[in-house]
Amino acid sequence: MTRTTVRTQVAIVGAGPAGLLLSHLLAAEGIDSVVIDSRTRENIEGTVKAGTLEYGTVQLLQDSCATRNTATVAQRHDGIELWFDGDSHRVDFVGLTGKNAYLYPQHEVLIDLIATRLELGQDIRFETTATGISAADGTTPTVTVHGPEGDEYDIVADFLVGADGARSLVRPVVTGSTHGGSFREYPFAWLGILCRAPRSNEELIYSNSPDGFALISQRTDTVQRMYIQCDPDTDPNALSEAELWAQFQRHVPGKQLIEGPIFQRDVLRFRSFVASAMRRGRVAIIGDAAHTVPPTGAKGMNLAIADTVLLSGALRALLNENDSRPLDDFEDRALERIWKSQHFSWWMTSLTHLTPDASDFDRRRQLGELRALFDSESGQRYLADFYVGWPFAML
Ligand code: DHB
């Protein structure tokens with residue numbers, strides 16, 4: 001018995017920011033796609049994730065009409081505060097670069113994108129798990145899937161994209177191995193909390209304190225997100241609320257945090273990773289499937305969107321103009337930004353975190369670096385340029 005097949009131009013595994021935005025940008029070029037994801041729509045929309053969006057990311061979401069509520073949900077941030085040596089030091093993004101960044105949690109981007117795509121008739125198949133990939137070296141790569149009713153069928157495409165996150169099923173098809181690539185682990189993590197309280201500060205605070213790093217971020221007028229540096233094996237539930245607040249407070253000396261009931265705690269591990277390849281024939285990986293950055297500076301989603309913009313241009317040339325040259329350039333062009341972002345995420349981390357074995361020399365050198373950065377306008381601009389992000393490269 002032959003298995004049922006679904007035919008499309010581009011099969012996209014993963015309904016995260018990269019996969020959904022890719023379907024949107026392709027549709028604008030008249031290219032049809034099928035997006036699959038093993039999760040339910042409720043699960044995708046309900047998983048609260050971080051999101052600092054670069055200037056260019058918000059412009060792109062608005063210009064491509066991918067989201068309707070960037071104007072109301074995205075909170076504009078014109079700068080950040082870096083706290084060190086007991087003082088606040090502001091980096092004025094607008095004054096230094098003419099641009100700003102936005103705090104716009106990832107799940108809000110997804111709620112928007114899913115609604116927009118479904119309204120425009122996009123084929124998104126939730127609770128549909130990819131179980132195998134075949135014909136990866138041919139002209140019609142095929143993904144075998146399991147649907148919500150236990151039905152198994154093939155999606156046959158002209159191109160297959162893995163936008164399926166850090167545990168990507170598509171990655172080994174492209175790289176030949178599960179983990180092959182450049183990898184770095186860090187000897188610390190973040191203990192994150194969500195609490196019900198008003199904002200403690202107008203802008204985000206990145207604090208380098210003698211007790212370690214803290215980030216005082218935000219979600220809404222009534223919900224706040226904060227992190228402190230911790231050991232990767234920390235049990236997030238080991239401390240009482242009062243003990244947690246005392247810890248957070250110690251990491252931001254000189255600033256009074258507004259406390260409130262803590263309703264979520266988690267530990268975020270730090271990793272840097274770039275896969276050894278991003279494309280093989282008519283199969284490509286983008287976003288977290290291709291790379292991971294540590295969270296400091298929040299580059300992850302922006303980088304996924306930059307990959308998506310590049311790949312959408314390459315697929316337009318391939319599928320609409322039968323020109324494969326942009327696709328041949330895709331990986332090299334994507335890697336330029338990926339390695340710049342890898343550097344920034346590592347550098348923001350090294351500037352603000354101390355390793356457990358740090359010596360007095362290490363600590364004082366780090367404060368020297370922060371001081372040198374802030375005493376120089378070009379130093380501040382270097383940080384601000386990275387943070388607000390660069391224009392997207394196009395193919
Ligand atoms: C958030 C996370 C980050 O890594 C960051 O640099 C800024 C903000 C957040 O969760 O709000």
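Author: A residue counts as buried under 20% relative accessible area, as exposed over 50%, and as partly exposed in between, with a 1.4 Å probe and protein chains only. This is a predicted model, in which local features need pLDDT of at least 70 and side-chain atom pairs count only at pLDDT 80 or more, while totals for chains, interfaces and linings use all residues. Residues are numbered from 1 along each chain as its sequence is written, and side-chain values use heavy atoms, with hydrogens and water left out.

Side chains of opposite charge can pair when their charged atoms come close. A salt bridge here is a side-chain nitrogen of Lys or Arg within 4 Å of a carboxyl oxygen of Asp or Glu, and a search of the whole structure finds 23 of them.

One of these joins Asp-85 to Arg-371, with the closest N and O atoms 3.2 Å apart. Because Asp-85 lies in the loop between β6 (79–84) and β7 (87–92) and Arg-371 in helix α11 (residues 360–374), the pair ties together parts that are 286 residues apart in sequence. Helices (H or I, at least four residues) and strands (E, at least two) are DSSP runs, numbered from the N terminus. Arg-371 has 35% relative accessibility and therefore counts as partly exposed.

Another salt bridge links Arg-225 and Asp-266, whose closest N and O atoms are 3.3 Å apart. Arg-225 belongs to strand β17 (residues 223–230) and Asp-266 to strand β18 (residues 262–275), so this pair ties together parts that are 41 residues apart in sequence. Arg-225, at 7% relative accessibility, counts as buried.
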